[in-house]
Structures are given as C-alpha cells and as structure tokens.
Amino acid sequence: MLFRSAISAQSIVHSISDEVNDALNRGVNIQVLLAKPESKFVEEVGQMEADGGREPEDRPREIKEEIVRNKNIFYQYMSAAAKGYEKKSRARNKAGGELQLGRISVRYFSTQLRANLVIIDEKEAWYTPYLSPRKSRQSASFHLLRRAGLTQDLISRAIEHFDTIWKRAENPKILNGWG
C-alpha cells in the first residue's frame with residue numbers, strides 16, 4: 001500500500017494523524033510533497049489568500065512556517081511509530097511473525113501545483129482544488145473511488161501528476177533512522 005499527499009499536508013497533520021500512525025505500523029510507505037517554503041509559489045499563494053481579505057497580510061510567512069511545522073510533525077510521527085514498532089516487533093518475533101515499519105518520504109516542489117491530493121493505495125483519492133483566495137481546506141473536496149478495469153480515470157491521472165512532480169522535486173528525505 002502507498003499513501004500520497006501533496007502541498008502542505010495540512011489534511012494529514014490535522015485530520016488523519018491516527019490513520020497515518022496506524023499505516024506506518026502496518027508497513028505503509030507515505031510520500032509527501034511539500035511546497036518549498038522559500039519559493040515564489042508559496043509567496044504568491046500567500047499573497048492571493050491575503051488579497052481575498054480573509055487572511056492577514058503576513059500570510060506568506062504563515063504558510064512558510066506551516067510547511068516547516070508540518071515537516072517536523074512527520075518526524076514526530078516516525079519517532080512515535082518507531083517506538084511502537086519496537087514493542088510490536090519483539091512480540092511478533094516471539095510468535096514467529098514479521099513486521100515492517102512504513103516510511104515517510106518528503107520532497108519539496110516549487111511549481112504551480114494547484115490541488116491537494118491524497119491518494120490511498122491507488123484505489124481511492126481525495127482531490128481538492130485550490131480556489132484562491134481560499135485555503136484548500138475551505139474548498140470542496142472530491143472523494144474518488146477507482147472502478148475495476150479503468151486505466152484512464154481521474155485517480156490514474158492524479159497519480160501520474162503526483163509522480164511527475166515527485167520525480168522533479170528537490171531534497172528527497174526519508175524520515176526514519178533506517179534509511
């Protein structure tokens with residue numbers, strides 16, 4: 001299983017943290033694309049949100065801080081999962097089973113990606129377009145389910161889009177101690 005998310009990862013950090021921890025403990029690998037904090041993209045998104053009058057004028061700075069804070073939260077997720085993994089691994093080894101801890105990989109982009117994507121196991125996705133000046137969490141989110149046999153559906157195209165940006169993204173990081 002592979003779990004992917006894009007942009008600032010607010011939806012993961014604030015809405016589904018328990019699910020992320022559970023996924024890591026089940027061996028799920030998570031890929032996160034975060035906007036490069038010092039990019040022109042972040043500056044422009046912040047300015048558009050502020051121009052709408054709903055956000056303070058220093059919104060670009062707030063977004064930068066949010067990205068850094070969310071990346072640090074992912075480090076915390078990995079640390080908590082590793083502690084739980086050690087306990088479960090000892091118990092599982094005594095019973096003769098195997099257990100693998102998932103990983104979180106983070107990369108930074110600076111392109112004009114304009115949708116928040118959460119893709120789970122290439123079968124289910126949430127697609128949230130950014131409609132400036134609103135934040136993504138103030139926009140409608142579309143829950144997508146893949147139907148068997150379809151290869152040119154919106155989930156396939158979202159995965160292709162995510163993977164294209166992932167390959168071009170900067171600073172690949174794996175957030176665990178194993179590498």
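Tutor: Happy to! Let's begin in helix H4, where Phe74 and Tyr77 sit 3 residues apart, about one turn of the helix. Keep in mind as we go that this is a predicted model. Both residues of the pair are out of the solvent: Phe74 is buried, and Tyr77 is buried as well. Their ring centres are 5.8 Å apart and the ring planes meet at 75°; planes over 60 degrees apart count as edge-to-face, so that is the label for this pair.

Phe162 and Trp166 are both buried. By the rule used for ring pairs, the count comes to 4 aromatic pairs.

Now let's step back to the setting of these helices. The largest nonpolar core has 38 residues, and Leu24 and Ile104 are those with the most contacts inside it. Several elements give two or more residues to this core: on the helical side, H2 (17-25), H3 (40-51), H4 (59-95) and H5 (154-168), and among the strands, S2 (29-35), S3 (104-109) and S4 (115-120). The helix we started from, H4, gives the most to this core, with 9 residues.

Besides Phe162 and Trp166, its buried residues are Ile155, Ser156, Ala158, Ile159 and Ile165.

The same kind of check can be made on H3. Its 12 residues should span 16 Å at 1.5 Å a residue, and its end C-alpha atoms are 16 Å apart, which agrees. The buried residues of H3 are Phe41, Val42, Val45, Gly46, Glu49 and Ala50. Seen down the helix axis, these buried residues fall within an arc of 165°, so they line one face of H3. On the other side of H3, Lys40 and Asp51 are exposed.

Arg147 lies in the loop between strand S6 (142-145) and H5. Its relative accessible area is 60%, and because over 50% counts as exposed, Arg147 is exposed. Arg147 is 24 residues from Lys123 in sequence, while their C-alpha atoms are 8.0 Å apart in space.

Finally, here is the whole chain around these parts. It has 5 helices and 7 strands, and along the sequence they follow the pattern β-α-α-β-α-α-β-β-β-β-α-β. Of the 179 residues in the chain, 44% are buried. Among contacts between residues at least 6 apart in sequence, 69% join residues at least 24 apart. The accessible surface of the chain comes to about 10,100 Å², and 48% of that belongs to carbon and sulfur atoms.

Definitions and conventions. Residues are numbered from 1 along each chain as its sequence is written. This is a predicted model: local features need pLDDT of at least 70, side-chain atom pairs count only at pLDDT 80 or more; totals for chains, interfaces and linings use all residues. Side-chain values use heavy atoms; hydrogens and water are left out. Helices (H or I, at least four residues) and strands (E, at least two) are DSSP runs, numbered from the N terminus. Buried means under 20% relative accessible area, exposed over 50%, partly exposed in between (1.4 Å probe, protein chains only). Contact means heavy atoms within 4.5 Å. Accessible areas come from the Shrake-Rupley method with a 1.4 Å probe; for residues, only the protein chains shown count as cover. A nonpolar core is a set of buried Ala, Val, Leu, Ile, Met, Phe, Trp, Tyr and Cys residues joined through side-chain atoms within 4.5 Å. Rings of Phe, Tyr and Trp (its six-membered ring) pair if their centres lie within 6.5 Å; planes under 30 degrees apart count as stacked, over 60 as edge-to-face and the rest as tilted. The expected span of a helix is 1.5 Å times one less than its number of residues. The arc is that of the directions from the helix axis to the C-beta atoms.
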